Amino acid sequence: MDHATLQKKITYTHKEKLKKLAYLIGGIITIASLFFSFNFIFKHQTEISFIEIIKSNTTQIIVLIIISTLINLFLGLAWYQILLGRGVKISPNKAIKIYGVTQLAKYIPGNIFQFVGRQGVGMSEGIDAKNLAISSFIEIILLSIVGCVCFLLFAITKYQSFVNIIFLIILFLVFLFLPKIKKNDIYSFFLYFLYLLSTSLIFVYTFKILNDNFDLSLKVYLTKSFAYIFAWFLGFITPGSPAGIGIREITLAKVLETSVNSINLATVIIVSRLISVVSDINFFLLSALFFKRKK
C-alpha cells in the first residue's frame with residue numbers, strides 16, 4: 001500500500017470517527033433537552049390549576065399549540081436561507097430537520113447548546129464546520145437586530161420620548177452590517193420578524209381566552225404584543241438563561257404589572273410558557289419523524 005492510499009484511508013477513518021462523535025454529541029444534547037423541557041412543565045404544575053384551565057379552554061389551547069408548533073418553521077426556514085447565503089447546498093427539509101431536532105437544546109442551562117447541537121448534527125450531515133459556525137453567528141446577529149426593531153415598536157407605545165435615540169441606534173446597527181448582508185440574510189430577517197410577531201400574537205390571544213373581560217383594542221394589543229417581544233429579547237441575550245426561562249417571565253410581570261391583575265398575569269405568563277414548551281417539543285417530534293422521511 002503506497003503512502004497516498006494509506007493517507008486517504010486514515011483520513012476516511014478519521015472522518016467516520018468524527019461523524020460518529022457528532023451523532024453521539026447530538027444524541028446526548030437531545031436527550032438532555034427533553035429532560036429539561038419536561039422538568040419545566042412538571043415543576044410548575046402546582047403553581048396554577050392546569051387541569052381546570054385546560055378543561056375550560058381545551059380547544060383553544062390545542063389550536064394555539066398547533067399554530068405555535070408550525071410557527072417554528074419560520075426559524076428553520078430562516079436558518080436554511082442563512083446556509084444558502086454561505087454557499088451551502090442543502091434542501092429545506094434537511095435544514096428544518098437539523099434545526100428542529102437541535103432547537104430543543106435551548107432548554108439546557110447555558111443557552112448555547114442549540115448552537116452546539118446544530119454544529120454537531122450539521123457536521124454529521126456533511127455541512128462544513130466553518131459554515132455552521134458562521135450560520136450560528138449570523139442567526140444571533142439577525143435575531144438581535146429583529147429584537148431591537150421590535151423593541152423600538154414597543155417603545156413607541158410606552159416610552160415615546162426615547163424613540164428618536166433608539167431609532168438612531170438601530171439605524172447605526174443596520175448600516176454597520178449592511179455591506180455584508182446577503183439577499184438570503186434579508187429573507188431570514190423577515191422570517192425572524194414574522195416568527196416574533198406570530199408568537200407575540202399567541203401571547204396576546206392567551207390573555208383573551210383566559211380573561212373574559214379582556215379588551216382587545218389596538219392600543220392594548222400593541223402594548224402587550226411588544227411587551228412580550230421585549231421580554232423575549234432580554235431572555236434571548238441573557239447568557240446562561242435556558243430559552244429565556246425566568247428572564248422573560250420576570251420582565252413581563254414588571255412591564256405589565258400596572259395594567260393587568262397580578263393573578264391573571266401570572267396565569268397567562270405560565271400558560272403561555274407551557275404552550276411554548278409543548279410546541280417546541282412538538283416541533284422536535286415533527287422534525288425528527290416527518291422530515292426524516294424527506295431526506
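Student: Where does I181 lie?
Tutor: I181 sits in the loop between helix 7 (163-177) and helix 8 (183-210). Keep in mind that this is a predicted model.

Student: Is I181 buried, partly exposed or exposed?
Tutor: I181 is partly exposed.

Student: How far is the C-alpha of I181 from that of I138?
Tutor: The two C-alpha atoms are separated by 9.7 Å. Along the chain, I181 and I138 are 43 residues apart.

Student: Let's zoom out. How many helices and strands are in the protein chain?
Tutor: The chain has 11 helices and 0 strands. Its pattern along the sequence reads α-α-α-α-α-α-α-α-α-α-α.

Student: What share of the residues is buried?
Tutor: Buried residues account for 47% of the 295 in the protein chain. The accessible surface is about 15,600 Å². Carbon and sulfur atoms hold 69% of that surface.

Student: And contacts? What share joins residues at least 24 apart?
Tutor: That share is 75%, counted among contacts between residues at least 6 apart in sequence.

Student: On to charges. How many salt bridges does the structure hold?
Tutor: It holds 4 salt bridges. One of them joins the side chains of R86 and D185, at 3.1 Å from N to O.

Student: Which parts does the R86 and D185 pair tie together?
Tutor: R86 is in the loop between helix 3 and helix 4 (92-103), while D185 is in helix 8, so the pair ties together parts 99 residues apart in sequence.

Student: Are R86 and D185 buried or exposed?
Tutor: R86 and D185 are both buried.

Student: What does D280 form a salt bridge with?
Tutor: Its partner is K106, and the closest N and O atoms are 3.2 Å apart. This pair also links distant parts of the chain. D280 is in helix 11 (residues 262-290), and K106 is in the loop between helix 4 and helix 5, 174 residues apart.

Student: Why does D280 count as buried?
Tutor: Because its relative accessibility is 5%, and buried means under 20%. K106 is buried too, with a relative accessible area of 12%.

Student: What about R118? Which residue does its side chain meet in a salt bridge?
Tutor: The side chain of R118 meets that of E139, at 3.2 Å from N to O. R118 is in helix 5 and E139 in helix 6 (residues 129-158), 21 residues apart.

Student: Buried or exposed, that R118?
Tutor: R118 is buried, at 1% relative accessible area. E139 counts as buried as well, at 2% relative accessibility.

Student: Stay with helix 5. What is its span from first C-alpha to last?
Tutor: Helix 5 covers residues 113-124, which is 12 residues. It reaches 16 Å, close to the 16 Å expected at 1.5 Å a residue.

Student: Which residues in helix 5 are buried?
Tutor: The buried ones are Q114, F115, G117, R118, G120, V121, G122 and S124.

Student: And what follows helix 5?
Tutor: G126 follows helix 5. The phi of G126 is positive, near 90°.

Student: New topic: rings. How many aromatic pairs does a search of the whole structure find?
Tutor: The search finds 5 aromatic pairs. Among them are F203 and F207, whose ring centres are 5.3 Å apart with planes at 90°, so that pair is edge-to-face. Both residues lie in helix 8, 4 residues apart, about one turn of the helix.

Student: Why is the pair of F203 and Y228 stacked?
Tutor: Because the ring planes are at 25°, and planes under 30 degrees apart count as stacked. The ring centres are 5.1 Å apart. F203 is in helix 8 and Y228 in helix 9 (residues 218-237), so the pair ties together parts 25 residues apart in sequence.

Student: What do F203, F207 and Y228 form together?
Tutor: They form one aromatic cluster. F203 and F207 are buried. Y228 is buried too, with a relative accessible area of 8%.

Student: Last one. Which residues make the nonpolar surface patch of about 280 Å²?
Tutor: I62, I66 and L70 make that patch. L70 is placed in helix 3 (residues 58-85).

Notes:
Residues are numbered from 1 along each chain as its sequence is written. This is a predicted model: local features need pLDDT of at least 70, side-chain atom pairs count only at pLDDT 80 or more; totals for chains, interfaces and linings use all residues. Side-chain values use heavy atoms; hydrogens and water are left out. Helices (H or I, at least four residues) and strands (E, at least two) are DSSP runs, numbered from the N terminus. The expected span of a helix is 1.5 Å times one less than its number of residues. Buried means under 20% relative accessible area, exposed over 50%, partly exposed in between (1.4 Å probe, protein chains only). Patches are made of residues with over 30% relative accessible area and no salt bridge: like charges are joined within 9 Å, nonpolar side chains (Val, Leu, Ile, Met, Phe, Trp, Tyr) within 5 Å. Accessible areas come from the Shrake-Rupley method with a 1.4 Å probe; for residues, only the protein chains shown count as cover. Contact means heavy atoms within 4.5 Å. Rings of Phe, Tyr and Trp (its six-membered ring) pair if their centres lie within 6.5 Å; planes under 30 degrees apart count as stacked, over 60 as edge-to-face and the rest as tilted.
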